[in-house]
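Please consult the sequence and the structure below while reading.

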Amino acid sequence: MFITQTNSVEETELLAQRIAKKLSTPVVVAFFGGLGMGKTAFTRGLAKGLGLDCDVTSPTFALVHEYHGDKITLYHFDMYRVETWDDLYSTGFFDYYQKGSVIACEWSENIENALPENTVRVYIERGEHDEQRNFKIEGYGEYENFVC
């Protein structure tokens, strides 16, 4: 487990960029945390760290956004409205995972029992001020070198 804190959106993106460089596919990066915690900012950082040149936005209404690069694809899911296994299957989540890509999954609380064994779990809480975020990251390798 790795615990760290960021003090800005830019630091959150930098943390995610560093983690992205160590990911092996297929992998799910599962976010746990309320509204406005920085899940999409973290995903922007993942995209940059994976070498993707794209405009990452929240997939709230689309359920999934796809960001394709020359060597890797990032699938960005929003599971906020997923309440049943049928809902989850209808998103195509398992099909995307089998494509050997990186999946960034917001609102993973709603699908925790379906997450693969090698999932990277990113727990995010608000810190002492509006921009500060506390991160607890579990499930993937050694994180000593990711301090911002």
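Axes are lines fitted to C-alpha atoms, for helices over the stretch in contact, and angles run from 0 to 180 degrees between N-to-C directions. The model is predicted. On that basis, helix α2 runs at about 155° to β2 and lies across β2, β4, β5, β6 and β7.

**Sheet**
- The 7 strands form an open sheet with mixed pairing, in the order β1-β7-β6-β2-β5-β4-β3.
- Strands β1 (2–6) and β3 (64–68) are the edge strands, each pairing on one side only.
- From one strand to the next, the twist averages 20°.
- Strand β3 runs antiparallel to β4 (residues 73–78), and 5 bridges join the two.
- Y67 has L74, in β4, as its bridge partner.

**Helices across the sheet**
- Helix α1 (residues 9–20) lies across β1 and β7 (133–138), and its direction is at about 145° to β1.
- The strands that α2 lies across include β2 (27–32), β5 (102–106) and β6 (120–126).

**Setting of K39**
- K39 is located in helix α2, which spans residues 39–49.
- K39 is buried but has no salt bridge.
- The nearest side chain of opposite charge belongs to E106, 5.0 Å away; a salt bridge requires a side-chain nitrogen of Lys or Arg within 4 Å of a carboxyl oxygen of Asp or Glu.
- With neighbours within four places in sequence left aside, K39 is in contact with F31, G33, G34, E106, W107 and I124.

Definitions and conventions:
Residues are numbered from 1 along each chain as its sequence is written. This is a predicted model: local features need pLDDT of at least 70, side-chain atom pairs count only at pLDDT 80 or more; totals for chains, interfaces and linings use all residues. Side-chain values use heavy atoms; hydrogens and water are left out. Helices (H or I, at least four residues) and strands (E, at least two) are DSSP runs, numbered from the N terminus. Buried means under 20% relative accessible area, exposed over 50%, partly exposed in between (1.4 Å probe, protein chains only). Lys and Arg count as positive and Asp and Glu as negative; His and the chain ends are not counted. Contact means heavy atoms within 4.5 Å. Two strands pair if DSSP finds at least two bridges between them.
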